[in-house]
Amino acid sequence: MTQSQLIDVETEEQLEAQLKAAGNEGLAVVHFWAEWCEPCKQMDEVLKVLGEDKKHLTLLRVEAEKDELEDVTEKYGVSMVPHFIFVRG
């Protein structure tokens with residue numbers, strides 16, 4: 001089996017589709033991040049390593065300050081970054 005890849009989410013619909021697909025396979029990790037945030041960049045590296053080790057994870061990145069994703073950040077109560085949610089099917 002191939003490693004889990006870190007997927008950049010562009011829309012709320014894409015996030016919901018990825019979470020639904022992950023629900024059938026196991027666990028999704030959603031990383032809310034911002035371009036200016038150094039700890040976010042460090043966590044990207046941690047997630048890449050985790051994806052190499054845990055093949056059944058869905059790893060998603062949501063840019064917390066992106067206008068198109070404002071409803072998503074509000075829905076999950078994101079007030080600072082990095083912020084993580086874990087979703088199990």
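In the predicted model, Val-9 has Val-62 of S3 as its bridge partner. The two strands concerned, S1 and S3 (residues 57-63), run parallel and are joined by four bridges. They belong to an open sheet of four strands, arranged in the order S1-S3-S2-S4 with mixed pairing. Because S1 (6-9) and S4 stand at the edges and have a single partner strand each, one side of each is left without a neighbour in the sheet. From one strand to the next, the twist averages 25°. Helix H2 (residues 38-53) lies across S1, S2, S3 and S4, and its direction makes an angle of about 160° with that of S2.

Aromatic side chains were examined next. A search of the whole structure finds one aromatic pair, formed by Phe-32 and Tyr-76 in a tilted arrangement, with 6.1 Å from centre to centre and 45° between the planes. This pair links distant parts of the chain, 44 residues apart, since Phe-32 lies in strand S2 (residues 27-33), whereas Tyr-76 is found in the loop between helix H3 (70-75) and strand S4 (83-88). The two partners can also be described by their accessibility: Phe-32 counts as buried because its relative accessibility is 0%, while Tyr-76, at 23% relative accessibility, counts as partly exposed, given that buried residues are those under 20%.

A further contact of an aromatic ring involves a charged side chain, in that the charged end of Arg-61 sits over the ring of Trp-33, at 4.0 Å from the centre of that ring.

Note on methods
Residues numbered from 1 in each chain as written. Predicted model: local features only at pLDDT ≥ 70, side-chain atom pairs only at ≥ 80, totals over all residues. Heavy atoms only, no water. Phe/Tyr/Trp six-rings, centres within 6.5 Å; stacked < 30°, edge-to-face > 60°. Buried < 20%, exposed > 50% of the residue type's maximum accessible area, 1.4 Å probe, protein only. Lys NZ or Arg CZ within 6 Å of the ring centre and 35° of its normal. Pairing = 2+ DSSP bridges. Axes fitted to C-alpha atoms, helices over the stretch in contact; angles between N-to-C directions. Contact = heavy atoms within 4.5 Å.
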